[in-house]
Amino acid sequence: MGYVAVKGGTNAIAQSIKRLKYNRIKKGEILSINEIESGMRGLIDQVMSESSIYCEELAAISIKQAEGNPEEAVFLLRAYRSTLPRKHYSKVVRSEDMTVERRISASFKDIPGGQILGASYDYTHRLIDFDLADETKEELIQWLENFNKEVDIIEDSTDINKLPKVLDYLRSQGLISDCGEKNNEPKDITKKSIEFPTERSERLQILTRGQTGAVTSLGYAALRGYGDTHPTIGELRVGSLPIYVDNPLNNDHDDEDSFYIGEIKVTEVETLFPASEEKEDGKVQMELEIGYGICYGQNETKAIAMSILDHCLEIGDPRYPTHDEEFVLLHIDSIESSGFISHLKLPHYVTFKSKLDSIVKTRKGE
């Protein structure tokens with residue numbers, strides 16, 4: 001392609017940037033970082049997930065700077081992330097150690113530990129609450145006091161820190177094959193460009209930080225006939241996972257000597273897909289396969305869609321685009337897709353003139 005270097009226009013560009021700031025503050029209101037953190041939980045979770053960096057404060061600053069545009073906010077956070085030194089690697093995180101806030105299963109009504117509805121829009125009417133326009137801080141404080149009193153008197157013996165996995169029950173029944181541990185070093189897609197065919201560690205990294213809308217759309221397409229799959233959710237969990245790092249002064253990697261550095265909130269989904277397997281005696285036996293999804297914060301639709309695409313890419317099928325890893329993995333990244341679309345705004349004077357000349361020649365019959 002023939003691009004033309006942009007020259008001149010320095011003053012015009014400076015005025016454009018000044019106009020951008022004017023549009024952000026022209027109503028004379030300053031949106032505090034604390035207010036964004038407190039009231040825009042869904043947007044912060046989405047931005048952190050697509051940026052691959054877990055920090056609510058940084059996500060809130062990026063959202064403020066981007067005026068609520070998640071695409072721009074993710075760009076800002078990814079750029080900042082690339083400047084950070086990598087001082088430590090966390091120890092392996094196991095979702096069995098999650099402090100669960102919400103936990104449901106579409107496969108079984110009764111599951112060990114019970115279903116926990118938690119906080120979800122699933123059970124609300126999708127009607128605008130016009131009372132929010134006149135909401136006062138005094139009303140919120142009173143509501144919170146009443147809510148905390150209700151929580152204090154609820155007695156529940158369920159240990160939400162060690163809830164058993166639903167899929168463990170299916171494994172115990174022999175309906176899911178045991179998956180042995182694979183302790184290969186995962187490939188880091190932030191350090192090396194991917195090459196096809198990819199490993200599952202690479203696919204999961206790209207899927208988890210994929211653009212929420214893109215991941216959801218392709219997962220939806222896989223269900224509608226552009227894939228060969230229709231799963232059932234074995235378990236969906238939302239909760240906090242503790243993060244530990246090894247003692248930097250000791251190379252023994254002893255769990256007892258590791259340091260707790262905080263926790264991250266994630267959404268984890270395990271979906272079940274019926275499949276047939278031919279045994280050694282030639283008989284065909286049905287079993288269940290698993291798709292896996294996990295992402296920062298509470299973003300259940302994305303995690304479910306990720307688990308669908310994970311299974312699609314794991315089995316592969318040239319008949320369907322959602323089973324093609326090159327098609328899926330190269331088109332769901334927010335920075336890659338928005339960057340390439342946005343490049344169309346750059347000067348294309350030479351290439352367009354070439355096209356124009358060709359059109360004029362065909363009109364003249366040359």
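The model is predicted: local features need pLDDT of at least 70, side-chain atom pairs count only at pLDDT 80 or more, and totals for chains, interfaces and linings use all residues. Residues are numbered from 1 along each chain as its sequence is written, and side-chain values use heavy atoms, with hydrogens and water left out.

Let us begin with Lys91, which lies in the loop between helix H5 (70-81) and strand S1 (99-104). Helices (H or I, at least four residues) and strands (E, at least two) are DSSP runs, numbered from the N terminus. Is Lys91 buried or exposed? Lys91 is buried, because its relative accessible area is 18% and buried means under 20%, with a 1.4 Å probe and protein chains only.

What does the side chain of Lys91 join? It makes a polar contact of 2.7 Å with the side chain of Asp246, and another, of 3.2 Å, with that of Asp255. A polar contact is a pair of N or O atoms within 3.5 Å; within protein, one must be able to donate a hydrogen and the other to accept it, and residues adjacent in sequence count only if both atoms are side-chain atoms.

I turn now to the sheet. It is open, with 4 strands in the order S1-S2-S3-S4 and antiparallel pairing; two strands pair if DSSP finds at least two bridges between them. The edge strands, each pairing on one side only, are S1 and strand S4 (284-296). S1 is joined to strand S2 (residues 232-245) by 5 bridges, and Arg103 has Arg237 in S2 as its bridge partner.

Notes: Buried means under 20% relative accessible area, exposed over 50%, partly exposed in between (1.4 Å probe, protein chains only).
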